[in-house]
Amino acid sequence: MQNQKPVLHILVVGFHHKKGCQVEFSYPPLVPGTEGKSECPSGWKYLPTLALPDGSHNFSNDFVCFNLPSLTDPEQSVYGISCYRQIALEEVRIRTADLTRSTVQKSVCTLLSLPIYGYVEVKLSLIAQAFFEQGDFSATDILVKAYEQLNACLVSLEPQEIGSTRLHFVGVPLRDLLLKWRHKILILFKLLLLQKRVVCFGSPVHPTCALILGIASLHPELISKGFQQVACVKTSRPMSPMPTFSAQVEEPAGDGSTSPCKIALPTIRTEHQDAIDPAAISAGREAADELNDPDAHSIASAKEAHPDETTTATSSSSPSFGSSVEGNSGSQRPVPPTTLVRETSVDTIASNFSSLYAIDPSEWGAPLRIFHEGVLCLPYISLPYMDLLTDPSVKGYLIGASNVLFQHKRQLADVMIDVETAVIDVLDVDTKREIQLSTEDLRFVDFVVRHVQTPKEDAEGSEAWIRDQLYGYMVALLKTSLNADGSKEIEHFNAHFMGAFKATRCYGDWLERTAGGAVSAFEGLGGGHPFAGTLSVADMKLRIAQTMQNSESGRKLNQAVTNTSRAVGGALTTAKGAFSSWWTSFTAPPQGGHMTQGAEQQQQQDKLSDQYTVDEGNDARTEDCDNSRGNNEVATPTTPQHEVIQTAELVADTTISNSVVEIGREAELLDRGTAVTAGAGTEQSNIPRRT
């Protein structure tokens, strides 16, 4: 595909109410000699279902990234980017008979020979907007012009610019991903190295594609030089989603399992094609010797930046490196304390970390061939491709899907990732143990996240800085993998993970290409994790936070606490409101200096009750007095009867017993015809005698 144009095709995919998804226009035609309408090659039979994803009717716009196997080269892939739009039928100026619904769903799609998804996505968005604003979908001249201009723009670039990694990173929201996933980014980074079966699901599709491409971009030169075979697999039986090749085309692949890949690598390595001999690359060890120049400028610059550290690391780690290469048992390997216990701060360790990512990736054999020999990377696949995942030739994959059936087919995955909720569901017990982050890993990813939260332009926290940190982590990981099993350095990266990683096909391929890890760039580096050190309280906090966020029991506890907080918070708010209303009814001052209507009514009732009680007592006492009285005595002047009621009102606020005593005393005095004293210390009043 080296002589092909960067943009292979531009096409329009629409949804027909009877036929479903179909290609409505393609330039150049997908099938040579046709008009480019409603026809797809047999190997790309389900291309329309990729460009118009499942569930797209729920959204007005979306972007989809997908990969297809090449129709001409079994060792190459084709990369697609689709811009989806849904508009109301009223916005269409010229309507055709097939537009029978209230909305119109179409996608403008490009097929590329280079994995520059984001770079084309920006331009394709403008092209799709102009195409839809025309209101006439039969006017495809704008798409033909866009195809020519895109190719002219890319061809005008220098080969070094096209092959540079910066062009492949356009449009990848790495900072946003890190802020959302936080420490889980490192879990996904290491999970990719294990070549497991990973299914990411979410709708709309663009966040899922961004996550998959973002994780891949963290691996040194993986997208720019390791994406050739992301959609290539030789299935065990003929399968409609995959193209079939003639015996002449498949013959070179049968000569050797590694030689076709080694020949295909320089296809994208445009900046190294003049410097590297293809025959030397296919030779294996000779290629590794040429790539690993002992006088590399990166090692020299690293030693100049940190002369004391590199000198110490070289003297302490050289015996260990030699024993691991020779295959000794590891008993002669000294354990330098400077690489295990560090009393310096994390920031000081991070400054020394720059010596790791200063090494050029090509010096240690990057990229690792993760997507190779039956391991696929498909940012989005539709339902017809589900059978492909069950083929015995497919060893592993990292895929994205929006159809809910992929979520229910749990037997198809070792790990399922919910992109919307950022939940990693590990279905395999061994995998769950292997992707656990060590204390050193948590320190490292916490350091990266803290800097991303307060970024500096083209400095700490920027996307280039994030990639540098993961590049350095990869260098330390590969260097430590050369140590003997069971060593302390191995445990820094999780011994279970290191054991599984060293058993993968991509690691075995790296050892083969580097003659057992004999990389000259590693000679000046110490083994172990760059963030190794003694435990602290901060490490315990990180471990607890990671467990609460990532484990199933932690998520359940978080949900329970959230629900309880909502319930308790609602109950407290209700109780507070009721108490406030009750308290206000007692403490609020009367309006206008008068009692409220409710209080006035209550007082009137109290007055009537007290009057009734006093009148009853007085009537009874008066009858007795009239019957027993023989002679009229001279009565002392007394208070009128309404004054007695007033006296009862004065004592109404005291206790019940005192009220009863006062009323009894007044009645007794009335019988005797003596003066009544209205309470303690009050004036005497005359009570008239009854006749």
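**Close-up 1. The loop that holds Pro-28, between strand 2 (20-27) and helix 1 (47-51).** In this predicted model, Pro-28 is placed in the loop that links these two elements, and the peptide bond that joins Tyr-27 to Pro-28 is cis, with an omega of about -15 degrees.

**Close-up 2. The loop between strand 6 and helix 8, with Pro-204.** A cis peptide bond is also found here, running from Ser-203 to Pro-204 with omega near 5 degrees. Helix 8 (residues 206-217) has 12 residues and spans 16 Å from its first C-alpha to its last, close to the 16 Å expected at 1.5 Å a residue. This helix is mostly covered, with 10 of its 12 residues buried; the buried residues are Thr-208, Cys-209, Ala-210, Leu-211, Ile-212, Leu-213, Gly-214, Ile-215, Ala-216 and Ser-217. In the loop between helix 8 and helix 9 (222-225) lies Glu-221, which has a positive phi of about 60 degrees although it is not a glycine. Glu-221 has a relative accessible area of 12% and is therefore buried, the cut-off being under 20%.

**Close-up 3. An open sheet of 5 strands in the order 7-8-6-9-10.** The pairing within this sheet is mixed, and its edge strands, each of which pairs on one side only, are strand 7 (375-378) and strand 10. From one strand to the next the twist averages 15 degrees. Strand 6 (residues 197-201) and strand 8 (residues 396-401) pair in the parallel sense over 5 bridges, and in strand 8 Gly-400 is the bridge partner of Cys-200. Helix 7 (residues 184-193) lies across strand 6, strand 8, strand 9 and strand 10, running at about 40 degrees to strand 10.

**Close-up 4. The hairpin of strand 9 and strand 10.** Strand 9 (residues 415-418) and strand 10 run antiparallel and are joined by 4 bridges, with Val-415 standing opposite Val-426 in strand 10. The hairpin has 4 residues between the strands, and Ala-422, found in the loop between them, has a positive phi of about 60 degrees although it is not a glycine. With a relative accessible area of 9%, Ala-422 is buried.

**Close-up 5. The largest nonpolar core, with 150 residues.** Among the members of this core, Leu-111, Phe-227, Trp-364 and Phe-371 touch the most other members. Helix 22 (residues 463-481) gives the most to the core, with 9 residues, and at least three residues are drawn from each of domain 1 (1-167) and domain 2 (172-236 + 346-559). Not counting residues up to four places away in sequence, Phe-371 touches Leu-192, Leu-222, Gly-226, Phe-227, Gln-229, Val-230, Leu-376, Cys-377 and Leu-398. In soluble globular proteins, nonpolar side chains tend to be buried together.

**Close-up 6. Helix 21 (residues 439-453), a helix of 15 residues.** From its first C-alpha to its last, helix 21 reaches 21 Å, close to the 21 Å expected at 1.5 Å a residue. Because 11 of its 15 residues are buried, helix 21 is largely enclosed by the rest of the structure. The buried residues of helix 21 include Leu-442, Phe-444, Val-445, Phe-447, Val-448, Val-449 and Val-452, and Glu-440, Asp-441, Arg-443 and His-451 are also among the buried residues.

Conventions. Residues numbered from 1 in each chain as written. Predicted model: local features only at pLDDT ≥ 70, side-chain atom pairs only at ≥ 80, totals over all residues. Heavy atoms only, no water. Pairing = 2+ DSSP bridges. Core = buried A, V, L, I, M, F, W, Y, C linked by side-chain atoms within 4.5 Å. Buried < 20%, exposed > 50% of the residue type's maximum accessible area, 1.4 Å probe, protein only. Domains from an automatic or database assignment. Contact = heavy atoms within 4.5 Å. Axes fitted to C-alpha atoms, helices over the stretch in contact; angles between N-to-C directions. Expected span 1.5 Å × (residues − 1).
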